[in-house]
Amino acid sequence: MKKTQILWLRRDLRLSDQAALVAAAAAGPVIPVYVLDDETPRHRNMGGASRWWLHHSLAALDRQLRPLGSRLILRRGKAAEVIAELAQEAGASAVHCIRHYEPWWRNAERALADKVDLVRHDGNYLMPMGSVRTGSGAPYKIYTPFWRELSKHMPPPEPLPAPDSIPSPQNWPHSDSLEDWALLPDKPNWAVGMAEMWTPGEYGAQTRLADFSGRAAQYDEKRNFPSIEGTSFLSPHLHFGEITPAQAWHAHRTAGGSVEVFLKEIVWREYAQNVVFQYPDYGSKNARDNFDAFPWRDVTKQDVAADLKAWQAGRTGYPIVDAGMRELWATGWMHNRVRMITASFLIKHILIDWREGEKWFWDTLCDADYASNAVNWQWTAGTGVDSNMFVRIMAPLSQSEKFDAGDYIRKWVPELADLDDPYVHDPDEFGRKPADYPAKIIGHKEARERALAAYARIKGQS
Ligand SMILES: Cc1cc2nc3c(=O)[nH]c(=O)nc-3n(C[C@H](O)[C@H](O)[C@H](O)COP(=O)(O)OP(=O)(O)OC[C@H]3O[C@@H](n4cnc5c(N)ncnc54)[C@H](O)[C@@H]3O)c2cc1C
């Protein structure tokens, strides 16, 4: 008789292109399990928006499993310990999982592999981390050569189909109730806008992919304009593994033209994970140590804390920044161009350490991803392993005009809904600022000079 197999799910909440599921189902009856781990030391607990997403994604996965004769078991605690205990309780001969690369998951996989037969499969990335290397065998630090090398190995293998049925054990082990985990916000329910915009789960992911296929040919032309739907909106689905990059690749590889630009963006996700694979502390530590001496403003001081709060709440007096921060709060997502502008604003205009922004995004993004978030924050700050971007200080107002953000601002900043272009980009400057909209918390020129002066204090140090 075939022995029971544990399928340990984390950010791979899907049935198709799921190598761990296929292997487990071939080996014996399968117990799919998700462990909510808020306890392992140095584990980065999920933020609020991610928890909202997780709740709905787990519910969706359980609904998909039921007609296949299976179900999802939920447990809570230190993941490596909980999975080892469950394996023993169920008499399982092996635990199958998709390889994860966050530093805490690498630790958990190592710890678990000491206790059980842990079979790790690939599938959340186009290529296993650490396998894209220079001619001399070193990992890449810069995106472009990383992309060039990776693309030599593309296309990725054909995605695996979802199984028609999953062998189930005779007795199901105990499962927590999802409701008891209280992942959803209650009072107040700040997730109303998220529920309107997103359908977490594999079905929602495939629907987004199909919708994007019709728009993919214009991706390059439209992707930088926040007023229009130019991008794929796949990021939370990719983060939670409801869809794989290989599926996205195969859906678009023959489309040609601007689609290569889209595939290059998918590879930014790979590149970010490749950087964090080399530098596990990337989410909290400057890769360039001269920035350890950077004179960031002190957020424990009242005026600085007030500036941070104004940024978080979208009340800086810079319409494009405020629109972005409010979009983020309302939907758990922000357009990429606007992420760059808001991040640059926090770091350079109000001179607050990028780690404060990284933390806020971690809590509020439903695509909050340790690697993508850290790498993009460090890239914007100039503290990262790639080129130093500190002196590239984005001017929010010219960015807003250049990328035609008028409709985007009118949507997310209702105080400015009645202002036409060009006033909406800078109501202060045109003397059109409504009484209920804040004045700029600092002028652009003054902010730029202050940032460059601060940078001059550490430039050249290492
Ligand atoms: C300060 C900052 C923080 C960010 N934090 C995150 C984060 O926590 N999680 C996250 O998924 N993305 C993050 N990004 C990257 C990017 O903004 C989002 O991936 C993108 O906006 C998601 O929208 P989309 O799916 O429509 O993207 P598309 O333009 O359709 O791109 C397709 C996919 O490519 C990947 N991708 C695109 N751009 C990037 C990028 N710059 N870095 C890494 N992957 C990329 C994403 O998986 C995305 O879903 C951040 C960017 C900045 C500037």
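Me: Which element gives the most to the lining of the largest cavity?
Reply: This is a predicted model: local features need pLDDT of at least 70, side-chain atom pairs count only at pLDDT 80 or more, and totals for chains, interfaces and linings use all residues. On a 1 Å grid over the protein atoms alone, a cavity is a set of points where a 1.4 Å probe fits but cannot get out, and a lining residue has an atom within 4 Å of a point. Elements are DSSP runs numbered from the N terminus, namely helices (H or I, at least four residues) and strands (E, at least two). With 3 residues, the top contributor to the lining of the largest cavity is E2.

Me: What is the volume of the largest cavity?
Reply: There are 4 cavities of 30 Å³ or more in the structure. Grid points are joined across faces, edges and corners, and a volume is the space filled by probe spheres set on the points. For the largest cavity this comes to about 220 Å³.

Me: Of the 21 residues that line the largest cavity, which are the closest to its centre?
Reply: Residues are numbered from 1 along each chain as its sequence is written, while side-chain values use heavy atoms, with hydrogens and water left out. The space in question has a volume of about 220 Å³. Of its 21 lining residues, those closest to the centre are His 43, Arg 44, Met 46, Trp 104 and Trp 105.

Me: Which elements give two or more residues to the lining of the largest cavity?
Reply: The residues closest to the centre include Trp 104 and Trp 105. Two or more lining residues come from each of strand E2 (30-36), helix H2 (48-65) and helix H4 (103-113).

Me: Between which domains does the largest cavity lie?
Reply: Its lining has 10 nonpolar, 4 polar and 7 charged residues, where Ala, Val, Leu, Ile, Met, Phe, Trp, Tyr, Cys and Pro count as nonpolar, Asp, Glu, Lys and Arg as charged, and the others, Gly among them, as polar. Domain bounds come from an automatic or database domain assignment. Because both domains give residues to the lining, the cavity lies between domain 1 (5-124) and domain 3 (289-456).

Me: Which helix gives the most to the lining of the second largest cavity?
Reply: The second largest cavity has a volume of about 60 Å³, and Met 340, Ser 344, Lys 348, Trp 379, Thr 380, Met 389, Arg 392 and Met 394 line it. By class, that lining holds 4 nonpolar, 2 polar and 2 charged residues. Helix H14 (336-349) and helix H16 (370-381) each supply at least two of the residues. The most, 3 residues, come from H14.

Me: Which element provides the largest share of the lining of the largest pocket?
Reply: A pocket is an open set of grid points with protein on both sides within 12 Å along at least five of seven lines. The largest pocket has a volume of about 1,100 Å³, and of its 37 lining residues the closest to its centre are Glu 265, Trp 268, Asn 336, Arg 339 and Asn 376. Domain 2 (125-157 + 198-278) and domain 3 (289-456) each provide at least three lining residues, and H9, helix H11 (259-278), H14 and H16 each supply at least two. The largest share, 8 residues, comes from H11.

Me: How many residues apart in sequence are the parts that Trp 53 and Phe 240 tie together?
Reply: The structure holds 33 aromatic pairs, meaning rings of Phe, Tyr and Trp (its six-membered ring) with centres within 6.5 Å; planes under 30 degrees apart count as stacked, over 60 as edge-to-face and the rest as tilted. Trp 53 and Phe 240 are stacked, at 6.1 Å centre to centre and 15 degrees between the planes. Trp 53 lies in helix H2 and Phe 240 in the loop between helix H9 (235-239) and helix H10 (245-252), so the pair joins parts whose separation in residues is 187.

Me: Are Trp 53 and Phe 240 buried or exposed?
Reply: Buried means under 20% relative accessible area, exposed over 50%, and partly exposed in between (1.4 Å probe, protein chains only). On this scale Trp 53 and Phe 240 are both buried.

Me: How many disulfides does the count come to?
Reply: A disulfide is a covalent bond between the sulfur atoms of two cysteines. The rule applied is a pair of cysteine sulfur atoms within 2.5 Å. Cys 97 is buried at a relative accessible area of 0%, and Cys 366 is buried at 0%. The number of disulfides by this rule is 0.
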